[in-house]
Amino acid sequence: MSLPPVARFTTSTGVKIYRISCQAFPGLVAHCYLLVGAGPVTLVDTGSGYGDSTRHIFEGFEAIRREFGESLGLRDVERVIITHGHMDHFGGLAQVTGPITAEVGIHELDKWVLVSYEERVLVATKAMGFYLEQAGVVPERRARLLELYGEGKQHVRSVRVDFTLFDGQELDGIRVIHTPGHCPGQVCLLIGDVLLSADHVLPRTTPHQNPESITAWTGLGHYLEALARIGRVDGIRLALGGHEQPIERFYDRLEEIRTDHERKLDRIAGILTEPGGLTIQELSDRMYRGLTGWNVLLALTEIGAHVEYLYERGALRVVNVDELRDQLNPALRYRVG
Ligand SMILES: [Zn+2]
Ligand SMILES: [Zn+2]
């Protein structure tokens, strides 16, 4: 996979935004953004720290000097903002900031992922195991999925955080907008007429959703609310996400994503009509065939987020209440009505 070259964008307020791309994981390119002209030189996100990710970021800085004549390097970065506590956005933090003394900021709801990483991985893995059991995944498969879930998380250690971000905060012409859903502490950053939309809004992919039963402040309800909220922010000419290409028709894209979720909700409700109900695993088998590896986990959590959304709003019921009464964590069977 070839990396997109470093690109420069200029906001209506004269801030220069350099996009630096890195190979975060095999098959996944992530973008970091360097902001010049919005107070102290600021780096937004730091890649995964996995494989060649950090080297790609260092090379990006060289390209900014060489191709754009910017006389600055990594040592000039005084502030690092992490858009959300997912590995492909913060995993490289220690490697990138190791040689420098930049202040690091993240939303308070994702702070614990950074400062207490090892504990967070344990808590999240335990919650995922509980969820998969409730989703009706058989023990052997569950163990394999949990092993996969832990992979790619081992190279990271806890790091310090110097300041926390909050909704409405203004940082030298950077406005922080809290958009929970894809991640609890997900933020978008508005700089003039350009929005750094992180993983809240992507141009091609509908951002992945987790059930809130695994992590509070995720879930489709929070996400759709945050999607509507960002749509009420006027004057966004261009959005730059954490992955994929720039988004020029930002408001149309919001509508596409919303429609995509509505279609998925309708489809799920259309399948869950059998009197005996279906587990999330069974639902996943009906909706997606031949999934392997990480995609199995993505499908089970994405479907779970939609089932949870419908259940919370009274559109679904749990059929096997007797098992629920008698057992600690039975597989839940859902049906409409
Ligand atoms: Zn993410
Ligand atoms: Zn991402």
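Which side chains meet in a salt bridge at 3.8 Å, N to O? In this predicted model, that salt bridge is formed by the side chains of E244 and R204, with an N to O distance of 3.8 Å. The pair links distant parts of the chain, since E244 lies in the loop between β12 (238-241) and α8 (250-271), while R204 lies in the loop between β11 and α7, 40 residues apart. E244 is buried, with a relative accessible area of 18%, whereas R204 is exposed, with a relative accessible area of 56%.

The loop between β11 (194-198) and α7 (220-231) also holds T206, which is buried at a relative accessible area of 18%. The side chain of T206 is joined to that of D260 by a polar contact of 2.6 Å, and, when residues up to four places away in sequence are not counted, T206 touches R253, I257, D260 and H261.

The structure holds 20 salt bridges, one of which, at 2.8 Å (N to O), is formed by the side chains of R79 and D172. Because R79 lies in strand β5 (residues 79-81) and D172 in the loop between β8 (170-171) and β9 (174-178), this pair ties together parts that are 93 residues apart in sequence. R79 is buried, with a relative accessible area of 7%, and D172 is partly exposed, at 43% relative accessibility. In helix α8, R258 and E262 are 4 residues apart and are therefore separated by about one helical turn; their side chains meet in a salt bridge of 2.6 Å, N to O. R258 is partly exposed, with a relative accessible area of 32%, as is E262, at 37%.

The protein is divided into domain 1 (7-116 + 158-250) and domain 2 (125-150 + 272-336), whose C-alpha centres lie 31 Å apart. Contact between them involves 12 residues of domain 1 and 13 residues of domain 2, and the two domains bury about 1,000 Å² between them, 64% of it on carbon and sulfur atoms. Between domain 1 and domain 2 there are 0 salt bridges, but 5 residue pairs in polar contact, both residues being at pLDDT 80 or more.

Terms used: Residues are numbered from 1 along each chain as its sequence is written. Chains are lettered from A and ligands numbered from 1 in the order in which they are written. This is a predicted model: local features need pLDDT of at least 70, side-chain atom pairs count only at pLDDT 80 or more; totals for chains, interfaces and linings use all residues. Side-chain values use heavy atoms; hydrogens and water are left out. Domain bounds come from an automatic or database domain assignment. Contact means heavy atoms within 4.5 Å. Buried area is the accessible area (1.4 Å probe) that two parts lose on being put together, summed over both. A salt bridge is a side-chain nitrogen of Lys or Arg within 4 Å of a carboxyl oxygen of Asp or Glu. A polar contact is a pair of N or O atoms within 3.5 Å; within protein, one must be able to donate a hydrogen and the other to accept it, and residues adjacent in sequence count only if both atoms are side-chain atoms. Helices (H or I, at least four residues) and strands (E, at least two) are DSSP runs, numbered from the N terminus. Buried means under 20% relative accessible area, exposed over 50%, partly exposed in between (1.4 Å probe, protein chains only).
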